[in-house]
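Welcome, and thank you for taking a look at this one with me. Please have the sequence and the model open while you read.

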Amino acid sequence: MTLSLVVLLPFLGAIAAPLFAQAGRTAIAIASSVPALLALATLFPMWSTLAEGGTVVQTLEWLPQLGINLSFRLDGLSLMFALLILVIGLLIILYARYYLKPQENVGKFYAMLLCFKGSMLGIVLSSNLLLMMVFWELTSLTSFLLISFWNQKQDARRGARMALAITGGGGLALLAGILLIGRIVGSFELDDVLAAGDQIKAHALYPYALTLVLLGAFTKSAQFPFHFWLPHAMQAPTPVSAYLHSATMVKAGIFLMARLYPALAGTEQWFYMVTFTGMVTLLIGAYVALFKHDLKGLLAHSTVSHLGLITLLLGMGTELAAVAALFHIINHATFKASLFMAAGIIDHETGSRDMRQINGLWKYMPHTATLAMVAAASMAGVPLLNGFLSKEMFFAEALSLNLPGIWAWIPPIVATLAGIFAVAYSARFIHDVFFNGAPRNLPIFPPHEPPRYMKIPVEILVVACVLVGLFPAFSVGPLLYAAASATLGGQVPDYGLAVWHGFNLPLMMSFAAFIGGLVMYHYRQKFFDFHDRFREIDEKAVFEAAVSWLVDRARTLTVVLENGSLQRYAMLLVVSAVVVAIVPLAGMNLIGSNGLTPIDAPTAVGAAILIFCTFATVYIRRERLTSLIMLSVVGLFVSLTFARLSAPDLAMTQISVEVVTIVLLMLALFYLPSWTPSEGSTARHTRDLVIAGVAGLGMAAVTLAMLTSPFSSISDYFIEHSKPGGGGTNVVNVILVDFRGFDTLGEITVLAIAALGIYAMLRGRELQAPPTDGLGHPWALDAHPTMLRQMSRPLLPLALMVSVYIFLRGHNLPGGGFIAGLITAIALLIQYIASGDNWTQARVNVRYHNILALGLFFATVAGAGSLVFDYPFLTSTFTYLKWPVVGKFEVASALVFDLGVYLTVVGATLLALVSLGKLTPAGRPMTRTEAREES
Amino acid sequence: MNHWLIAPIVIPLIGGFLQVFVGYAPLSLRRTLGLVTTGLLLVSAFFLLMLADDGSYRVYAFGNWAPPFGIVLVLDRLSALMVFVTALLGLFCHLYSLGRTDVGSRQFHALFLFQLMGLNIAFLTGDLFNLFVAFEVLLIASYGLLLHGDGTKRTVPGFHYVVLNLIGSAMFLIAVGMIYSVTGTLNMADLAVTIPTLAEDNLPLVKAGGMILLVVFALKAALLPLTFWLPKAYASATAPVAALFAVMTKVGVYAIIRVYTLIFGEDAGALAHLGMDWVFPLALLTMVLGVVGMIGSGGLRTLVAWQVVVSVGTILAAFSLLNEAGLSSALFYMVHTTWVAAGLFLVVDMIAAQRGSAGDQIITAPRMPNRTFISVMFMLGAVAAAGLPPLSGFFAKLLIMNAATPGVDMAALWSVILLAGFMSLVAYSRAGSIVFWRNVQGHIENPEKLTFPHTVGAGALIALSIAIVVVAGPLSEYTDATAEQLRDTSAYTSILEAKMVGEDES
Amino acid sequence: MEITFALIIGSLTFAGVYLVLRARTFPVVVGLTLLSYGVNLFLFSTGRLVTGGQPIIGSTENYSDPLPQALVLTAIVIGFAMTAFVVVLALRSKADTGDDHVDGTRRTDLPDEATIDQPREETGQ
């Protein structure tokens, strides 16, 4: 897996590099260059295979469900890019060693640089489109961190975020495009995709796929209209700019287009989208570059323009154009990287990048000046330099592009125009910076030559420019050929890599470009004045404005929707339920096949009272006490209904729960205002009335339809097995403690948790009760009236006895742990109410936490007992004991379980209510006088 | 019968009441007990995961009463996965709670464990009414946990949460009643068998019941239009609780998946895929709303809370594609998002603890200490949550997008997912660069030290995102198998023939 | 009989829903209580209405369906726990916000209230 190693190495280096940060900048620079060197060593032996147009593919299966595999591929194209990334990367590392200041976070810098390098290598070496996608987004993320390296600078942060948004966003589009391609081809492996070119172009989804992929490529390669992020990324340290914006990041989009050239290129749509975008970008970049006073700004825009040039070439769709594009990629990388570094040196030595300040540096740094001038000349396309060669090819292609009629003129004219601008801004770079008078108030004066080694990378690159310019065939011929054959899928046209093609039209165009460019530079002031009439728009500001606009809108919308009103949320909930339920119920017939049964008078009366009190509770809801009394009546009649309809257990449970609940609500009313203010519009009330009405009618209808339709359930089983299987005749109780004992276990857990929650919730909170009750009467000063005290005390033992009885008979007759527990709890509560908690606490000296915990313990033990005999949890067993006097009676293990229920209920209920009773510090409300003192 | 099935329920139950017993014992003892409990829980959960991976259904009949009469637990791949995800999440949240959170109240550890108990009952039970009980257990515990902690800001969101869920519980009972009144049974498998055989004129009640049930689950899952209780509640909860709640919405999702593949699955005759046509559009809208909330949020906690909303939308959208690939990808995404969102809640809490009065607000503040570790954690979490490579979110989203079949649905799903990804990228990068980079002069009074429980608890959950990527292959194989298992309802209903202890195996 | 029973459930549901939608905590609690009455009766009635058939072995010929009764009993208990909790929560809301409105007072629901819970050991009971 040597190729995957090439990709992996930089990441490993990124982990290792920071460890050398302590050892100084040299050490870490050396450490960081190791991965690249190793990678080069790994790639070198593979050249032989590639030379004769072969490719190396290595695959490791990873996520077959997705079609993602760790498969890597080395062919001419990927090799060319890999070399650019690695070699220029090495130079950058050396350069950065001197560029960064010791106090800066060097470790972080190199780590991120290496991560970025790894991601780039991943892009160019991936043989699986999804895998490439992974690295693609990784470059967006790592470049985000690199651009924002000086994150204390606002411009750096904003530039970085803009770059991330544009390139990352484009990446998402690309993802969609790739997925579509995968759908069409049925595989994400590059071999399959490249082979399926015709199939893709014929497919109905092709237009979408192409558009999405190109979106990804254009955003990454800063093509119009996404070009604006690139210049703002210049906030990065110069080594980063030199790396990202000459050789790597921005070339990724170009690479993608070249990579998928056989699969996507050659259609009308491709031609128009790509060439047009390229042309516009070419012109805009070149034009703006001329007017940038910032050295890096000029270079950035020229980069945009050159990327446009390459895109345009790729768009043309002819083999020769593609070759030219590849050739220009190499050339641009070399001269632009060196120019960025030179600019960095100047910045480093003068403390400024403003060409209105830095002039005449020739006197101070002739060496750097020479290097920069050669590189700039190459950028301008001066003969005998590499820039010239690819530009000639470009001109030739622009001419040979056979468009109908007048359109045929557009490409050559655009090309020449761009050439003129290129010459002009190159001329400015040379003349303005190194000549043109003396420096004007530089921050650092006088500037010096940089450290010796800082210039080495620049020198190497400039030498490369010259070499390629003089001996193209000899220097890059083979590599270019390999790349071309990989891009074009084999059929490489015969192209002449010669310095001299004789006097021909392209040469004329270059010549024209020169004259025009120099003239334009000479009269630059006029152009500047003209340009200054237009207000410069700062895309960063625009982007920020857009984001904050988005944030504001989003916030407003959120506040509108999520307005924190329970009434709305509850309404939404109820309405959704009603709506979804009404749809299916619409066609239901109200009276089922069983028909109705007559009703007897007492039941009718009871029902009438129940219904009346229900409505009364609503009607007089604002007088809370009265409505509470009504509520209690409702509760009472509900329990009567249970009794009437042969559910004695329910009746007893309901009534005992009722008592506690009402006590609880009474306590609550003691603190809450006893009147509800009238609020809410009539509309709101009517709305709620309608909703409630529909819900009520719906439930009534459902009930009626249900009650009158035939029914058979699994319950006969319970009735059969209750006695023989569960050992009890009270089927309900047997179900609770045996058949469905697990429900009950959950139920008492709920009770216990609720009590704990209540206790925890009230901890440390105090609530003063109002001085008077709702009707303005002062509270009685005697908190514990003698009568009540005297009467309640004898009640306790009685109640306890009753509860024991209820508990024991539970298994066979109505009753059981829960009801018994509530009775005990109520009995104790009465003591609290009558004699106050100090008195009671003194006598009932237990911590209710422990009681309820004990209850859960008993329930669990009763359940777990059966595990010993390898019977499942909660399996009950029972036997009959004969006792003197008492006689024969039954002991069921379920009784232990029920005991657990009993204890939990007692503990939970008391814990909850007693901690509520403690809510007022004094245990009694303020008297009027106290109230007066309060206010 | 394999007694391991009750371990995830009984362990926290015992741990829970032990906590109550020792409620006034020294904190160290309570902590040790608590962590031991969650540790054991994780072990048992892992064991069950291994057990379930053979693709068979295991039944545990309480009281040795054969289904449908007694209550049964049913272990299959889905429930095992849920239990495991929860157990792992629970352990790290519990670890994180040591220190700042758990000193607040003596009930914290007990409530926390009961919460886990409730969750596990919900994931394992095979009985519709018992599912209700499970919901109540986990809800009442969550009420307690949500209101846990000092300060008054939790009270009102808590009250909303409680009231809405009480209404929900009432609806749950109504739905169960409607279904029982026709089918006469509560056991899910038995329901799955009975419902296709129902007579025409019995359908309306069951259908209505099924739809109301869907509303109840949608409330738990915070699906639009029942989303709005979530952001404030989660944002105001203490960090470990909020992190644990990352799985609370997933309970709703689980219930939907379980009930609407088994009881109202494709074999349910007239009631097949009941209500699913509502879910898909609502899920997409939920994602959109969630993203809007993320962008608009002025605090990191709120940001993550909305992230939870987005992920719920994503899961349900994938599920309602109603194909195996969709279901599988939904589960994969759920595993990822549960852990990552939880991790983000914890990281955000650490951030807040570093920034003094600025807390978690997305505003300029003095440069915070301990920036490196926390910012890296935040970045990883954000990348994972936004669904960027190379972390788990990216692969989860790929799986989901792959599951869509060409058509309008695919176009809608893809554009919403990609747009949501882009917007959350903007939201996170904005929040991160403001909080970590945009500093003013001044110093922060007593920033919190990075403690072991905090760094490990938060770090581990974020790191799980990387772990998911590493084991992406096996994990998606597991979810594929789960989806396949869920589609085959006849296998599930075969539990009705399960032998009880003492019956001869003839 | 059935019609009467349906009316009872209908009116309980109506009252419950209407009160739950009110703006003050107390009516909401009362509403929830009414709602739970209605729901319990409904769940109970899914076993159909039987007179004099209490499910106690040997006490009668036609037993009413015991299962719904058991379910309702569980539901009542759980409902009781929940009611207790929400009542207390309503009081805490009063204590914290100084008002008994369901949304508390403005100051508690600012969009993003940054907070860190300061450690504070609880003092014994």
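The points below walk through how the chains touch.

1. A word first on what you are looking at: this is a predicted model. Please keep that in mind as you go through the contacts.

2. Let's begin with chains A and B. Here 99 residues of chain A are in contact with 117 residues of chain B. Together the two chains bury about 9,700 Å², and carbon and sulfur atoms account for 77% of that area. On the chain A side, Arg183(A), Leu573(A) and Phe742(A) provide 8% of what chain A buries against chain B, more than any other three residues.

3. One to find on screen joins the side chains of Arg740(A) and Asp127(B), at 2.7 Å from N to O. Sorted by class, the face of chain A towards chain B holds 64 nonpolar, 21 polar and 14 charged residues.

4. Now turn to chain C, where 46 residues are in contact with 53 residues of chain B. This interface buries about 4,300 Å², with 68% from carbon and sulfur atoms. The rule finds 0 salt bridges here, and 7 residue pairs in polar contact, both residues at pLDDT 80 or more.

5. By class, the side of chain C touching chain B has 22 nonpolar, 11 polar and 13 charged residues.

Notes. Residues are numbered from 1 along each chain as its sequence is written. Chains are lettered from A and ligands numbered from 1 in the order in which they are written. This is a predicted model: local features need pLDDT of at least 70, side-chain atom pairs count only at pLDDT 80 or more; totals for chains, interfaces and linings use all residues. Side-chain values use heavy atoms; hydrogens and water are left out. Contact means heavy atoms within 4.5 Å. Buried area is the accessible area (1.4 Å probe) that two parts lose on being put together, summed over both. A salt bridge is a side-chain nitrogen of Lys or Arg within 4 Å of a carboxyl oxygen of Asp or Glu. Ala, Val, Leu, Ile, Met, Phe, Trp, Tyr, Cys and Pro count as nonpolar, Asp, Glu, Lys and Arg as charged, and the others, Gly among them, as polar. A polar contact is a pair of N or O atoms within 3.5 Å; within protein, one must be able to donate a hydrogen and the other to accept it, and residues adjacent in sequence count only if both atoms are side-chain atoms.
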